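Please consider the following sequence together with its three-dimensional structure. A short report accompanies them.

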Amino acid sequence: MRILKLLGLAVLVLITVMVTRTFVLLPAGEAHLLKTAEIDAGEARRIGENLAAAIRFQTISRSLDTAPDDAAFKGFHTFLEETYPGAHRVMEKEVVSDYSLMYRWPAGGESSKKPIALLAHMDVVPIPEYGLKDWKYPPFDGVIDEDGVLWGRGALDDKGILISLMEAAERLAAAGFTPDRDIYFLFGHDEELGGDLGAIKMAERLADKGVQLAWAMDEGSAMTDGIVPGVGSPVALVSLGEKGSVTLRFSAEDEGGHSSAPKEFTAASLAAKAGVAVMDNPHDPVLDEHLEEFLFAVAPEQPFINRMMIANLWLTRPLLEAQLSKSPTVAAFMRTTTAFTMMKSGTKTNILPQYGEAVVNYRIHPRDTVESVTERARALVADERVTIENLGGGREATSLSSPMGEGYQAIEATIRDEFGDIPIAPTLTVQGTDARHYEAVADGVYRFMPFVFKPDDLKRIHGTNEAVPIEVIARQVDFFEKLMRRSAGE
């Protein structure tokens with residue numbers, strides 16, 4: 001009986017502790033709404049027309065083997081000079097690798113503050129021929145429809161940000177603003193191909209000049225609405241770093257023969273078996289300290305039971321880890337992902353293939369490396385008949401910048417100023433950006449776009465019918481103006 005009483009007391013104490021910890025994460029009440037912006041319709045239209053004109057320059061990155069369209073990129077340079085004369089008067093411009101643009105807005109006098117950098121890229125991905133017919137308007141016409149929505153390749157990725165930055169600079173220059181630290185605008189021309197001739201070369205130029213940035217900000221994450229499970233409010237996600245990647249090819253060869261007398265394996269089956277072996281044994285999802293920071297940031301928006309789980313990770317971690325990993329989107333933030341994407345083998349239905357290959361793409365979490373991912377794949381396949389090759393060398397994940405850093409704090413404060421008291425959470429970007437190339441020359445590197453993404457918007461990036469409301473672009477201009485005033489105000 002005494003044991004039962006002690007057990008009951010222990011359970012009561014445990015429940016009390018868990019509930020008490022949960023109430024520390026006070027509920028947010030009603031879902032937060034974005035602060036209403038006072039957008040002048042005429043100004044929004046003017047900005048939208050400038051972005052539409054920018055979209056008409058077909059600055060396409062086709063492949064590493066295809067040279068940039070000289071006329072398109074240089075025409076775009078001239079367009080920027082003619083459209084933003086005030087910004088060009090106050091900033092110094094350097095052209096890097098023929099097409100990337102490196103602007104420096106110098107401080108008004110001697111400054112002890114380290115410079116900051118705002119990044120964007122002018123190149124866009126091609127339009128697949130098979131998808132062209134599905135566009136509402138031709139992708140490079142830059143059409144603004146009757147609802148004030150601008151359609152075109154680059155509206156979201158990434159000319160919308162580039163034009164917003166130039167509009168903000170033009171507005172500040174007209175107002176007589178002089179920064180108290182250097183501000184760099186770094187516009188790459190080959191981000192969609194990896195940034196080897198753009199961002200990498202501009203980072204090298206900064207290093208050669210002895211420039212160490214306080215922080216840099218690029219595309220990568222944004223505000224989301226209806227995407228974070230259990231959260232009714234829009235959430236601003238500010239990325240602290242980004243994943244790496246590597247693609248492995250698993251191939252096998254055999255003597256072949258007629259299909260009427262097969263062995264127990266073929267070159268095709270060996271390659272396929274290797275691809276399935278790694279696909280069916282994914283990396284373990286981990287609820288690490290960075291995901292903890294994210295969960296605690298959105299916890300007040302969650303229902304009581306979710307808040308209790310988050311508040312008591314000392315007890316609930318394994319359960320919450322398993323639950324979160326069921327969502328492919330969330331799991332991508334918790335692990336190195338494995339995607340069996342391509343398979344090639346055979347020439348005829350009745351001929352045993354002499355060669356087979358499977359191709360698997362990994363997006364590497366900062367916990368892992370290209371080498372560790374490759375060695376894990378070798379161990380899982382464990383077949384000497386299968387050759388494993390690294391295609392292209394791979395890219396390591398970046399380090400993670402501090403959410404306590406100056407850059408994060410400035411971005412966070414500007415989000416609240418422009419968009420209201422919405423939840424702001426640190427996160428990890430799962431795709432690649434130019435930002436990763438500036439790690440060595442910046443104390444912190446962050447990724448944020450002042451744009452609200454809803455579930456349907458995500459598929460528009462690199463997809464069909466890329467579009468953005470012109471009022472959204474106008475508000476991005478307001479955001480960047482406020483960010484520069486806050487971070488480099490006199």
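## Model and confidence

The structure is a predicted model, in which local features need pLDDT of at least 70, side-chain atom pairs count only at pLDDT 80 or more, and totals for chains, interfaces and linings use all residues. Residues are numbered from 1 along each chain as its sequence is written, and side-chain values use heavy atoms, with hydrogens and water left out.

The pLDDT is the predictor's confidence in each residue, on a scale from 0 to 100. Its mean over the chain is 90, and 93% of the residues reach 70 or more. For residues 9–14 the pLDDT falls below 50, and this stretch has 2 contacts in the model beyond near neighbours in sequence; a contact means heavy atoms within 4.5 Å.

Helices (H or I, at least four residues) and strands (E, at least two) are DSSP runs numbered from the N terminus. Two strands are said to pair if DSSP finds at least two bridges between them. On this basis, an open sheet of 4 strands has the order 11-13-9-14 with antiparallel pairing. Strand 11 (337–345) and strand 14 (387–395) form the edges, each pairing on one side only.

Strand 13 (residues 355–364) pairs with strand 11 in the antiparallel sense over 8 bridges. Between strand 13 and strand 9 there are 10 bridges, again with antiparallel direction. Individual residues show how strand 13 is placed: Val-359 is the bridge partner of Met-342, and Val-360 is the bridge partner of Phe-340. Val-360 also stands opposite Leu-248. Strand 13 is mostly covered, with 8 of its 10 residues buried; buried means under 20% relative accessible area, exposed over 50%, and partly exposed in between (1.4 Å probe, protein chains only). Helix 7 (residues 267–279) lies across strand 9 (244–253), strand 11 and strand 13, and runs at about 170° to strand 11.

## The surroundings of His-88

His-88 belongs to helix 4 (residues 85–90). With a relative accessible area of 18%, His-88 is buried. Its side chain reaches the backbone oxygen of Tyr-84 at 2.8 Å and makes a polar contact with the side chain of Tyr-103 (2.8 Å). A polar contact is a pair of N or O atoms within 3.5 Å; within protein, one must be able to donate a hydrogen and the other to accept it, and residues adjacent in sequence count only if both atoms are side-chain atoms. Apart from residues up to four places away in sequence, His-88 touches Leu-80, Glu-81, Lys-93, Tyr-103 and Met-166.

## Salt bridges

Side chains of opposite charge can pair when their charged atoms come close. A salt bridge is a side-chain nitrogen of Lys or Arg within 4 Å of a carboxyl oxygen of Asp or Glu, and the structure holds 33 of them. In one of these, Lys-209 pairs with Glu-94, the closest N and O atoms being 3.2 Å apart. This pair links distant parts of the chain, 115 residues apart: Lys-209 is in the loop between helix 6 (199–208) and strand 7 (215–224), and Glu-94 is in strand 1 (residues 92–96). Lys-209 is partly exposed at 43% relative accessible area, and Glu-94 is partly exposed at 22%.

Asp-478 and Arg-171 also meet in a salt bridge (2.7 Å, N to O). Asp-478 lies in helix 15 (residues 470–488) and Arg-171 in helix 5 (residues 159–174), 307 residues apart. Glu-357 of strand 13 and Arg-249 of strand 9 are 108 residues apart. Glu-357 is buried at 8% relative accessible area, whereas Arg-249 counts as partly exposed at 22%. Salt bridges that share partners join Glu-43, Arg-46, Glu-167, Arg-171, Asp-478, Glu-481 and Arg-485 into one network.

## The loop residue Asp-98

Asp-98 lies in the loop between strand 1 and strand 2 (100–105) and is exposed, with a relative accessible area of 54%. Leaving aside neighbours within four places in sequence, Asp-98 is in contact with Lys-74 and His-77. The C-alpha atoms of Asp-98 and His-189 are separated by 9.2 Å, the two residues being 91 residues apart along the chain.

Note on methods. Axes are lines fitted to C-alpha atoms, for helices over the stretch in contact, and angles run from 0 to 180 degrees between N-to-C directions.
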